[in-house]
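Please view the sequence and the structure together, and then follow the points below.

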Amino acid sequence: MMMSYKSVYIKKGKEESLKRFHPWVFSGAILRLDEGVEEGETVRVLTAQGDFIAVGHFQVGSIAVRVLSFDDVTIDDAFWRKRLAEAFSVRKAVGLVDHGKNNVYRLVHGEGDNLPGLVIDCYAQTAVMQAHSVGMHVCRDSICKALVHVMGDLIAHVYYKSETTLPFKASLGQENGFLYGGSKDDIAMENGLLFHVDWMRGQKTGFFVDQRENRSLLERYAKDRSVLNMFCYTGGFSVYAMRGGARLVHSVDSSAKAIDLTNKNMALNFPDDPRHQAFCDDAFKYMDANDDKYDLIILDPPAFAKHRAALHNALKGYTRLNVKGFERIRHGGILFTFSCSQVVTKDQFRNAVFTAAAQAGRKVRILHQLHQPADHPINIYHPEGEYLKGLVLYVE
């Protein structure tokens with residue numbers, strides 16, 4: 001039986017992007033709402049004339065509706081099971097669901113999996129669910145139930161972590177905690193390497209799953225090199241560099257908690273290996289004090305711009321950081337440099353790095369242009385989903 005949802009009406013001419021399957025309805029496009037529409041509620045999106053366009057979650061803010069389907073369907077248990085099964089099929093198709101060597105992957109990537117506002121990362125038998133919309137928060141129990149059904153014995157625990165990702169004005173009283181099961185076993189395996197994942201207190205869902213392929217690439221370049229992993233967080237790049245045969249690996253982060261986590265992860269894989277040291281320090285101060293010491297440097301900072309208003313300062317920040325990297329790296333060195341700021345385009349990031357190379361007076365070749373992996377898919381109708389940019393550079 002079809003649910004009877006309240007309706008949101010779009011201004012004439014504002015439905016064009018929706019007809020091209022873009023999954024967002026902006027507040028400025030709304031003509032009127034049915035009386036009593038509440039935040040997080042499932043609504044039908046209609047033209048000014050009353051023709052159906054989509055069904056989605058309503059939210060107060062710039063993005064007023066996040067589209068769940070362009071078909072007139074009921075958002076019920078069967079819907080969640082179908083969408084999660086589709087997402088799981090993609091991960092199996094790209095070979096990520098291999099519990100022999102890898103049990104770390106993103107199962108749901110928001111708009112990229114036609115589930116805007118929802119992120120689910122899998123770490124061994126624990127799935128960490130994060131809601132970025134009020135609608136997904138309201139549906140969390142139904143999603144959890146569908147997740148357990150779809151994943152079977154691959155998932156024994158579901159941890160909900162949305163205290164920092166939902167709008168505080170919504171007054172949802174959300175709390176982090178287990179929706180299903182409950183485990184203190186926080187060790188997961190990525191490409192044969194072991195990592196502690198702090199889903200309770202760590203950033204994002206506890207680990208940066210999106211750098212998995214780029215960490216593997218770094219491993220291939222690490223042999224006999226002196227490696228600096230700046231903004232190391234969990235030490236992911238450092239552990240891969242060690243396995244790749246680096247001569248020495250230094251991990252640097254301004255957070256003492258990050259340094260502690262890096263050391264724990266190193267102890268899991270390379271206990272008492274003298275090649276690795278970790279330092280709690282500011283990035284610029286550390287690089288100023290360590291000139292011409294490293295021939296492989298990783299610059300993977302947190303997002304410099306969370307919104308468009310910060311774009312100009314973010315680009316200046318990327319240029320300044322990369323100037324420092326270019327100035328300090330040895331002749332013949334390799335620089336891995338990244339931006340995870342969604343509002344910074346590939347071209348803007350590349351131009352910031354070009355500017356840095358020119359200011360530093362170094363000759364630079366691009367070896368690789370990097371991006372997010374297959375378990376962070378980009379909906380072709382939602383190019384805003386392409387957020388991770390990276391360059392691997394050979395510096396003369």
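Which residue in strand 10 is the bridge partner of Thr126? The partner is His157. This is a predicted model, in which local features need pLDDT of at least 70 and side-chain atom pairs count only at pLDDT 80 or more, while totals for chains, interfaces and linings use all residues. Residues are numbered from 1 along each chain as its sequence is written, and side-chain values use heavy atoms, with hydrogens and water left out.

**Terms**

- Helices (H or I, at least four residues) and strands (E, at least two) are DSSP runs, numbered from the N terminus.
- Two strands pair if DSSP finds at least two bridges between them.
- A residue is buried under 20% relative accessible area, exposed over 50%, and partly exposed in between (1.4 Å probe, protein chains only).

- Five strands form an open sheet in the order 7-8-9-10-11, and the pairing is mixed.
- Strand 7 (104-109) and strand 11 (177-180) are at the edges with a single partner strand each, so one side of each has no neighbour in the sheet.
- From one strand to the next, the twist averages 25 degrees; axes are lines fitted to C-alpha atoms, for helices over the stretch in contact, and angles run from 0 to 180 degrees between N-to-C directions.
- Helix 4 (residues 140-151) packs on this sheet and touches strand 7, strand 8 (118-123), strand 9 (126-131), strand 10 and strand 11, where contact means heavy atoms within 4.5 Å.
- The direction of helix 4 makes about 60 degrees with that of strand 11.
- Strand 10 (residues 157-160) and strand 11 run antiparallel and are joined by three bridges; Tyr159 has Phe178 in strand 11 as its bridge partner.

**Strand 9 and its neighbours**

- Strand 8 and strand 9 run antiparallel, joined by six bridges, and Asp121 has Val128 of strand 9 as its bridge partner.
- The hairpin of strand 8 and strand 9 has two residues between the strands, and Ala124 in this hairpin takes a positive phi near 55 degrees.
- On its pairing with strand 10, strand 9 runs in the parallel sense, over four bridges.
- Six of the six residues of strand 9 are buried, so this strand is largely enclosed by the rest of the structure.
- In a regular strand, side chains alternate between the two faces of the sheet.
- In strand 9, Thr126, Val128 and Gln130 point one way, whereas Ala127, Met129 and Ala131 point the other way, and all are buried.

- Four bridges link strand 5 (residues 52-58) and strand 6 (residues 63-69) in the antiparallel sense, and Phe58 has Val65 in strand 6 as its bridge partner.
- Thr42 belongs to strand 4 (residues 42-46) and counts as buried because its relative accessibility is 12%.
- Not counting residues up to four places away in sequence, Thr42 touches Tyr5, Lys6, Val55, Gly56, His57 and Ile75.

**Exposed positions**

- Ile380 sits in the loop between strand 19 (364-371) and strand 20 (389-395) and is exposed, with a relative accessible area of 73%.
- Lys257 is placed in helix 7 (residues 256-269) and counts as exposed at 71% relative accessibility.
- From C-alpha to C-alpha, Lys257 and Gly202 are 9.1 Å apart in space, and they are 55 residues apart in sequence.

**Positive phi in loops**

- Tyr233, a residue other than glycine, has a positive phi near 50 degrees.
- Tyr233 is in the loop between strand 14 (226-230) and helix 6 (236-243), and it is buried, with a relative accessible area of 10%.
- Asp292, a residue other than glycine, has a positive phi near 55 degrees.
- Asp292 is in the loop between helix 8 (283-289) and strand 17 (296-299), and it counts as partly exposed at 45% relative accessibility.
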